[in-house]
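Work through the exercises below with the structure open beside you. Try each task before you read its solution.

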Amino acid sequence: MIPNIKNICCIGAGYVGGPTMSVMADNCPDIIINVVDKNSERIKLWNSSNLELLPIYEPGLDRIIERCRGKNLTFSTDTKEKISSADMIFISVNTPTKKNGIGAGQASDLKWVEACAREVAMFAKGHTIVVEKSTLPVKTAEVIKTILKASQSNYNDAKTFEVLSNPEFLAEGSAIEDLEKPDRVLIGGESADAIIALSNIYKNWVPKDKILHTNIWSSELSKLTANAFLAQRISSINSISALCESTGADIREVSRAIGLDSRIGSKFLDSGPGFGGSCFKKDILNLVYLAKYFGLPEVANFWEGVVNLNNWHQHRISKLIIQKLFGTISGKKICILGFAFKANTNDTRESAAITICKDLLEEGAFLSINDPKVTKKQIEKDLEKISIDNNSNYTCSSDFFDLEGQWVFEKNIYKSAENSDAIVLLTEWAEYSKIDWNIISKKMRKPSWVFDSRSKLSAKDIINNGLLLWKIGDGSDNK
Ligand code: NAD
Ligand code: UGA
């Protein structure tokens, strides 16, 4: 019999759980959706009446929260109660790379997933469909099933479970759009009834032909593979951008030329400072671990190369900034435009900005960091360094030897530029394309450099205002 789902619980109110359940609630007004998280601070922010305080910034998310919260969408720390009333439970918790023990540095740490399975085993009532939403190594469903099965004999009340894999493909910054119009929804499982029950929910807004059914292992592996392929494209194009700079070619021309081949396609070919985000590195390393585990070292080495290239590329950018500034940046002020790992998100996890800023601080630069959505507190955490007070008189100096290796958080880009030697664009926020380079040029110390790691700034405006420009993958100096 196909279960008619009326009550859903999602464990994990993060970048996936929050937006995913919001879009589901918006499209399924007859289903009650309760999102729970053990982090009470995060839950408090999800419930704040000021929508600017939501813990996650995603364009369009605030309007959905406004429509659904308190109607068919709730956020709480009430795990026990919400699990026990649910017909379907999504596990959407974090699966970071293991820090210690077997597989440290590569395998996924599944302790939170296991904890969820135990909680579900303990509190669920009647028949419950458990859905893996987190990105998981192949065969994790086996672990979840084993824990759930054990509970059937542990507890007296009759409980039955089905486990499905339904990985999430949303990208941050475009999460709402991706969830509302997904390229596909992937559902893997053994029970046809459970698969149909979950498909019926998605059918409320996703066309039937975009809902794909596979076996559970294909579904788990497809998610890791999709991220590995996407990240591989970024490392590929970034490797060629270095070659462009050495040969006189231009990476944007090369991207366009290869992207017009319909077999390659034009998306995901923008060379940048190296991929960031919480998942690409973690998921590839997990794939590497799995390949090694299954005795396939050549496969492991192939994918590990994607991560190695990305690490090299990020440090390459720091090095060339230092080289262009006469081989030393100590006592020099450098403005950093953007700290998030991409535009339209406040997420900084694995952001290239962290590596590049740490390199520059290590070399003695004084950094003035700007980002429209990332907070000073978050940057302090990422750089493991407290910011200096931005009310202090630091802009008056013509050199910054007393501020070597320090940084300041600066909301005003024009103030940030005062007496600086270089501006480095790391995140492609739209507002950086509107900068008045005439004003900036008058404020900087000469010779002044602009490093555009995203190829998003107007080269003409920068050069016409007497600034020196380095642009990713632009080999024009070598023509
Ligand atoms: P996140 O860290 O933002 O959120 C996870 C949340 O789960 C946290 O708030 C944490 O407190 C909570 N949590 C952990 N264990 C819990 C427990 N036992 N009970 C209650 N709450 C618990 O993580 P995220 O970015 O949302 O990612 C979640 C999963 O989705 C990961 O596996 C990730 O790989 C995958 N994924 C992420 C993205 C993305 O864009 N961030 C996209 C697709 C898939
Ligand atoms: C990525 C995938 O795109 C999602 O499908 C997946 O669900 C998600 O990971 C996940 O599993 O977490 P996300 O990391 O949010 O999404 O963002 P992307 O748009 O993929 O960007 C990742 C990184 O690559 C960013 O640092 C971005 O700046 C960089 N990038 C992307 C480029 O340098 N060039 C490009 O052409 C595209």
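Contact means heavy atoms within 4.5 Å. Helices (H or I, at least four residues) and strands (E, at least two) are DSSP runs, numbered from the N terminus. This is a predicted model: local features need pLDDT of at least 70, side-chain atom pairs count only at pLDDT 80 or more, and totals for chains, interfaces and linings use all residues. Residues are numbered from 1 along each chain as its sequence is written, chains are lettered from A and ligands numbered from 1 in the order in which they are written, and side-chain values use heavy atoms, with hydrogens and water left out.

**Exercise 1. Helix H13**

Task: find which residues of H13 are buried, and which elements they pack against.

Solution. 
- Step 1. Buried means under 20% relative accessible area, exposed over 50%, partly exposed in between (1.4 Å probe, protein chains only).
- Step 2. Count. Eight of the eleven residues of H13 are buried, and the helix is mostly covered.
- Step 3. Name them. They are Ala352, Ala353, Ile354, Ile356, Cys357, Asp359, Leu360 and Leu361.
- Step 4. Check what follows the helix. Gly364 comes after H13 and has a positive phi, near 95°.

**Exercise 2. The largest nonpolar core**

Task: state which residues of the largest nonpolar core touch the most other members.

Solution. 
- Step 1. A nonpolar core is a set of buried Ala, Val, Leu, Ile, Met, Phe, Trp, Tyr and Cys residues joined through side-chain atoms within 4.5 Å.
- Step 2. Read off the members. The largest core has 49 residues, and Ile334, Ile336, Phe339, Leu360, Leu367, Ile369 and Trp437 touch the most other members.
- Step 3. Trace the source. Helix H13 (residues 352-362) gives the largest share of this core, seven residues.
- Step 4. Follow one member. Leaving out residues up to four places away in sequence, Ile334 touches Ile321, Leu325, Ile329, Leu360, Ala365, Phe366, Leu367, Ser368, Ala422 and Val424.
- Step 5. Look for another core. A second, separate one has 43 residues, including Cys28, Ile56, Met88 and Trp205.
- Step 6. In soluble globular proteins, nonpolar side chains tend to be buried together.

**Exercise 3. Ligand 1**

Solution. 
- Step 1. A residue is near a molecule or strand if one of its heavy atoms lies within 4 Å of it. A polar contact is a pair of N or O atoms within 3.5 Å; within protein, one must be able to donate a hydrogen and the other to accept it, and residues adjacent in sequence count only if both atoms are side-chain atoms.
- Step 2. Find the shell. Ligand 1 has 26 residues around it, and Asp37, Arg42, Thr95, Glu172 and Lys282 come nearest.
- Step 3. Sort by class. Ala, Val, Leu, Ile, Met, Phe, Trp, Tyr, Cys and Pro count as nonpolar, Asp, Glu, Lys and Arg as charged, and the others, Gly among them, as polar.

**Exercise 4. Ligand 2**

Task: find which helix gives the most to the shell around ligand 2.

Solution. 
- Step 1. Find the shell. Phe169, Leu170, Glu172, Asp270 and Arg454 come nearest among the 19 residues around ligand 2.
- Step 2. Sort by class. Eleven are nonpolar, two polar and six charged.
- Step 3. Name the helix. H9 (residues 216-247) gives the most, with four residues.
- Step 4. An oxygen atom of ligand 2 is 2.7 Å from a polar backbone atom of Leu170. Arg454 has a side-chain N or O atom 2.7 Å from an oxygen atom of ligand 2.
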